[in-house]
Amino acid sequence: MSTPETLNDIYVDELKDLYSANDQMLKVVTKMTTKASDAALKDMLTKSHEGITAHTAVLKELIAGQDEKVSKEHCKGMEGLVAEATKHVLEEGPKKGPMLDVLIIAQYQRMTHYGLAGFGTAAAYAKALGLKDDDKKLRAATKEIYGSDEYMTRLAETSVNIDAKDA
């Protein structure tokens, strides 16, 4: 990104960064899904694919709505989180079972929290810019991401972590 001159420049950059972040996250979540043992976790990760894809479509729509080329601004923050997920889950994690499921949830939530920060920030920018429709769409995505995160916490606390402790 070149030096931003307006809040709108910063907003568009945030959207493009999120587009890149979603793209990177989708790739590693797809790989983690194949490794999950817990049926509820595998189902949630599969649903997450759909959510990430839908949120990416919203981002593309919002970028285009700013009369900008629909493109990604490489997200180095998500790059680091994806590298961590790859290392801890795919490369060094157990091959399968409850211990791997614990690692999958932890890495998924780290990436999700990054997305929450980004989507929330973009929504705040949209609101400040008077982009009511953009704000509404971004807040809806943020709410869905929160729901996924809360579900993963409940899943960890009520079964996955317990199964790992007993393994």
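# Briefing: buried residues, a pocket and a loop

Setting aside neighbours within four places in sequence, Leu62 makes contact with Tyr11, Leu15, Asp134, Lys137 and Leu138. The structure described here is a predicted model.

**Leu62 in helix H2**

- Leu62 is located in helix H2, a helix that runs over residues 39-65.
- Leu62 counts as buried because its relative accessibility is 3%, and the cut-off for a buried residue is under 20%.
- The C-alpha atom of Leu62 is separated by 33 Å from that of Leu155, and these two residues are 93 residues apart along the chain.

**Tyr11 in helix H1**

- Tyr11, one of the contacts of Leu62, belongs to helix H1, which covers residues 7-35.
- The relative accessible area of Tyr11 is 0%, so this residue is buried.
- When residues up to four places away in sequence are not counted, Tyr11 touches Leu62, Gln66, Ala122, Tyr125, Ala126, Leu129, Leu131, Asp134 and Leu138.
- Asp134 and Leu138 are among the residues touched by Tyr11, and both are also among the contacts of Leu62.
- Tyr11 and Thr121 are 110 residues apart along the chain, while their C-alpha atoms are separated by 8.7 Å.

**Gln109 and Thr112 in helix H4**

- Helix H4 spans residues 98-128, and both Gln109 and Thr112 lie in this helix.
- Gln109 has a relative accessible area of 14% and is therefore buried, as the limit for this class is under 20%.
- Thr112 is likewise counted as buried, because its relative accessibility is 3%.
- Beyond its neighbours within four places in sequence, Gln109 is in contact with Asp149, Met152 and Thr153.
- With neighbours within four places in sequence again left aside, the contacts of Thr112 are Met25, Ile145 and Asp149.
- A separation of 14 Å lies between the C-alpha atoms of Gln109 and His49, which are 60 residues apart along the chain.
- Thr112 and Ser37 are 75 residues apart in sequence, and the distance in space is 20 Å from C-alpha to C-alpha.

**The largest pocket**

- The largest pocket holds about 210 Å³ of space.
- Its lining is made up of 19 residues, and those nearest the centre of the pocket are Ser48, Ile52, His55, Tyr108 and Ile145.
- At least two lining residues are supplied by each of four helices, namely H1 (7-35), H2 (39-65), H4 (98-128) and H5 (132-166).
- Helix H2 gives the largest share of the lining, with six residues.
- Sorted by class, the lining of the largest pocket contains 10 nonpolar, seven polar and two charged residues.

**Asp67 in a loop**

- Asp67 is placed in the loop between H2 and helix H3, the latter covering residues 76-91.
- The phi angle of Asp67 is near 55 degrees, which is a positive value in a residue other than glycine.
- Asp67 counts as exposed because its relative accessibility is 74%, and the exposed class begins over 50%.

**Aromatic rings**

- A pair of aromatic rings is described by the distance between the centres and the angle between the planes.
- The structure contains zero aromatic pairs.
- Lys72 lies over the face of Tyr19, at a distance of 5.4 Å from the ring centre.

How values were computed. Residues are numbered from 1 along each chain as its sequence is written. This is a predicted model: local features need pLDDT of at least 70, side-chain atom pairs count only at pLDDT 80 or more; totals for chains, interfaces and linings use all residues. Side-chain values use heavy atoms; hydrogens and water are left out. On a 1 Å grid over the protein atoms alone, a cavity is a set of points where a 1.4 Å probe fits but cannot get out, and a pocket is an open set with protein on both sides within 12 Å along at least five of seven lines; lining residues have an atom within 4 Å of a point. Grid points are joined across faces, edges and corners, and a volume is the space filled by probe spheres set on the points. Ala, Val, Leu, Ile, Met, Phe, Trp, Tyr, Cys and Pro count as nonpolar, Asp, Glu, Lys and Arg as charged, and the others, Gly among them, as polar. Buried means under 20% relative accessible area, exposed over 50%, partly exposed in between (1.4 Å probe, protein chains only). Contact means heavy atoms within 4.5 Å. Rings of Phe, Tyr and Trp (its six-membered ring) pair if their centres lie within 6.5 Å; planes under 30 degrees apart count as stacked, over 60 as edge-to-face and the rest as tilted. A charge sits over a ring if NZ of Lys or CZ of Arg is within 6 Å of the ring centre and within 35 degrees of the ring normal.
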